[in-house]
Amino acid sequence: MQNEIVRNLRKGCVEISAQNHNYAVDPESLPEGVEVTHVNLNDGSCAFLASSKMKLMSLQYHPEASPGPHDPDTVFGEFIQLMKQEKVKA
């Protein structure tokens, strides 16, 4: 596992992530309504997908890596918020 630079396209910032690339998602293969939200700046690969319509998010790196980096920790909060929104609707 190694640290990689990822651009968060939603927030316009750069984050450090822990990655272990064995595969990559082809953005051209994504269905309508699924967006690439993070891109690996070293190789241009998709690092995070999301769809508000389908209520999904998918990381292509390890946000739980410890002792760091901790830049991607916010993804856990985003996931919890998504669950809370759906619970209120249920």
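**View 1. Ser17 in strand β2 of a predicted model.** Ser17 has its place in strand β2, which covers residues 13-19, where a strand is a DSSP run of E with at least two residues, a helix is a run of H or I with at least four, and both are numbered from the N terminus. The model is a predicted one, in which local features need pLDDT of at least 70, side-chain atom pairs count only at pLDDT 80 or more, and totals for chains, interfaces and linings use all residues. Residues are numbered from 1 along each chain as its sequence is written, and side-chain values use heavy atoms, with hydrogens and water left out. With a relative accessible area of 1%, Ser17 is buried (buried means under 20%, exposed over 50%, and partly exposed in between, with a 1.4 Å probe and protein chains only). Its side chain makes a polar contact with the side chain of Gln19 at 3.0 Å; such a contact is a pair of N or O atoms within 3.5 Å, where within protein one must be able to donate a hydrogen and the other to accept it, and residues adjacent in sequence count only if both atoms are side-chain atoms.

**View 2. Tyr61 and Phe48.** Tyr61 lies in the loop between β5 (56-59) and α1 (74-89), and this residue is buried, at a relative accessible area of 7%. From C-alpha to C-alpha, Tyr61 and Phe48 are 8.0 Å apart in space, while 13 residues apart in sequence.

**View 3. The backbone at Lys55.** Lys55, found in the loop between β4 (46-51) and β5, has a positive phi of about 60° although it is not a glycine. Most residues other than glycine have a negative phi. Lys55 counts as partly exposed, at 35% relative accessibility.

**View 4. Cys13 and Cys46.** Cys13 counts as partly exposed at 28% relative accessibility, whereas Cys46, at 3%, counts as buried. When a disulfide is taken as a pair of cysteine sulfur atoms within 2.5 Å, the count comes to 0 disulfides.

**View 5. Confidence along the model.** The protein averages a pLDDT of 84, and 88% of the residues score at least 70, pLDDT being the predictor's confidence in each residue, from 0 to 100. Where pLDDT is low, the predicted coordinates should not be read in detail.
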